[in-house]
Amino acid sequence: MKLRRPNSKIFMLLFLGLLSAFGPFVMDMYLPTLPEMTGYFGTSSAMVQLGLTTSMIGLAFGQLLFGPLSDRYGRRKPLIVAMTLFLFATVGCIFAGNISQFVAMRLIQGIAGSGGVVLSRSIATDKYSAMELATMLGIIGSINGIATVAAPIAGGLTAGIGGWKGIFWCLMGLGAVLLAGSIRMKESLSGSKMKKNGKEAFLGGFKDVLRNRKFVLYIVQYGFTMAVLFTNVASAPFIMQEHYGISPMMFSLVFAANAIAMAIATALAPKFRSMEKALRTGSDCMLSISVVLCGAMLLGCSFWVYEALLFLLLSMVGMSFTASNALAMESEHGNAGTASALLGTVGYAFGGIVPPLAGLGDMMVSAGVLFIVFAGISFLCTRIATSEPKGLSRNNDIRTGSLARASKM
């Protein structure tokens, strides 16, 4: 049966899809149970929320560990270590005696979970090239986007049956499935491409990647596109519920619709003639829509005008995500683990920086201005990166497909 062949397309699609969904489930699945956990541990809501913060820190900086390690030892061994560590950390969360132990276990859980996030991109880059890579990253991105919406919903349903511990037992089950898949997976990085020197895998890999100007431009573009997304994440609950007065249920439905639109656009990006074309289209439209949205917000537009423009904006965000990720990873096949680590860390870093900025002053003004600023910088990075001669990058760009792998599944 084809599904049982370790590196078949079906196996890899399912496996990488689950790995990409891992981050959102680790971070967001237990959100509905925060009030219950406050009572269980007899602590403040701030201390319980600290578990969310530590998991995000772990997911961000753990990628800087597992990415370079995978360039040195291959993808399979670090992934097995990460999934095993995740299972132990999850058991620690379930049986934590106090909130401090729980928060510490959440940090370790985030670090372990980051292995799945960073290696999903690295493995895809090992196996695919050019438009095949873009298609795979588009599918992975769509699954990730849907998981972001599904995780709190699944958490709420699970909590209704088994409480907050039931959620962590479910996460343990997901971790066990991914550990089994990691053991079954055949190594995707050939021995000749592994960094032979440990120091080279860490310091040398980062130096090589950061010397690639196109790669740097693509991850900066991705970072500021993430900033557009997080501006919405931070501002939309207040704008929709306090300014426009919609109900929490209505907000949840609108939020889900916007997230699904972003996920669909993520998967549609590979339909363009090239990823450069998709990225230019996404960044051009993102800036144009941001200008119109800011103007509409300043003029006191109706809720449905605001939502329609936001829907379009987030669709362009999703399209840009696929294109910038594919172009960045394609430009660094030789250091895919390190490149994936930097790409993921940049995204989480902007997730921590942007929300406080959106809350400055009148949120209808601050959010509108931030949309324009972040989309504008993203636009500039796109124009510079896609207009540079190929010679400025160490690798050919994604349109040529000249780095296509001899080893395909």
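Student: What share of the residues in the protein chain is buried?
Tutor: Keep in mind that this is a predicted model. In it, buried residues make up 56% of the 409 residues in the protein chain.

Student: OK, and how many helices and strands does the chain have?
Tutor: There are 13 helices and zero strands. Going along the sequence, the pattern reads α-α-α-α-α-α-α-α-α-α-α-α-α.

Student: What about contacts with a separation of 6 or more: what part of them comes from residues 24 or more positions apart?
Tutor: That part is 85% of those contacts in the protein chain.

Student: How do H1 and H4 cross?
Tutor: The axes of H1 (residues 9-28) and H4 (residues 76-94) come within 14 Å and cross at roughly 40°. That makes H1 oblique to H4. H1 passes H4 in a left-handed crossing.

Student: Which residues make the contact there?
Tutor: From H1 you have Phe15, Leu19, Phe22 and Val26, and from H4 there are Leu79, Met83 and Phe86. By type, the contact of H1 with H4 has seven nonpolar residues, no polar and no charged.

Student: Switching topic: how many aromatic pairs are there?
Tutor: The count comes to 16 aromatic pairs. One of them is tryptophan 164 with phenylalanine 168, an edge-to-face pair with 5.7 Å centre to centre and 80° between the planes.

Student: Where do tryptophan 164 and phenylalanine 168 lie?
Tutor: Both are in helix H6 (residues 130-184), four residues apart, which is about one turn of the helix.

Student: Buried or exposed?
Tutor: Tryptophan 164 and phenylalanine 168 are both buried. They also belong to a cluster linked by ring pairs, together with Tyr40, Phe41 and Phe102.

Student: And why is the pair of phenylalanine 303 and tyrosine 306 called tilted?
Tutor: Because the planes of phenylalanine 303 and tyrosine 306 sit at 45°, with the ring centres 6.5 Å apart. Planes under 30 degrees apart would count as stacked and over 60 as edge-to-face, so 45° falls among the rest.

Student: How far apart are phenylalanine 303 and tyrosine 306 along their helix?
Tutor: They are three residues apart in helix H11 (residues 303-330), so about one helical turn separates them. Phenylalanine 303 is buried, with a relative accessible area of 10%, and tyrosine 306 counts as buried at 0%.

Student: Now some single residues. Where is glutamine 221, and what does it touch?
Tutor: Glutamine 221 lies in helix H8. Not counting residues up to four places away in sequence, glutamine 221 touches Leu279, Ser283, Met286, Ser320, Ser324, Ser378, Cys381 and Thr382. At 0% relative accessibility, glutamine 221 counts as buried.

Student: What about proline 237, which helix is it in?
Tutor: Proline 237 is in helix H8 too, which spans residues 213-243.

Student: How far is proline 237 from phenylalanine 255?
Tutor: The two are 18 residues apart in sequence and 9.0 Å apart in space, C-alpha to C-alpha.

Student: Last one: where does glutamate 187 lie?
Tutor: Glutamate 187 is in the loop between H6 and helix H7 (198-211). Glutamate 187 counts as partly exposed, at 25% relative accessibility. Glutamate 187 and arginine 76 are 111 residues apart in sequence, but 5.5 Å apart in space, C-alpha to C-alpha.

How values were computed:
Residues are numbered from 1 along each chain as its sequence is written. This is a predicted model: local features need pLDDT of at least 70, side-chain atom pairs count only at pLDDT 80 or more; totals for chains, interfaces and linings use all residues. Side-chain values use heavy atoms; hydrogens and water are left out. Helices (H or I, at least four residues) and strands (E, at least two) are DSSP runs, numbered from the N terminus. Rings of Phe, Tyr and Trp (its six-membered ring) pair if their centres lie within 6.5 Å; planes under 30 degrees apart count as stacked, over 60 as edge-to-face and the rest as tilted. Buried means under 20% relative accessible area, exposed over 50%, partly exposed in between (1.4 Å probe, protein chains only). Contact means heavy atoms within 4.5 Å. Axes are lines fitted to C-alpha atoms, for helices over the stretch in contact, and angles run from 0 to 180 degrees between N-to-C directions. Angles under 35 degrees count as roughly parallel, over 145 as roughly antiparallel, 65 to 115 as roughly perpendicular and the rest as oblique. A crossing is left-handed if the near helix is turned anticlockwise from the far one by less than a right angle, and right-handed if clockwise. Ala, Val, Leu, Ile, Met, Phe, Trp, Tyr, Cys and Pro count as nonpolar, Asp, Glu, Lys and Arg as charged, and the others, Gly among them, as polar.
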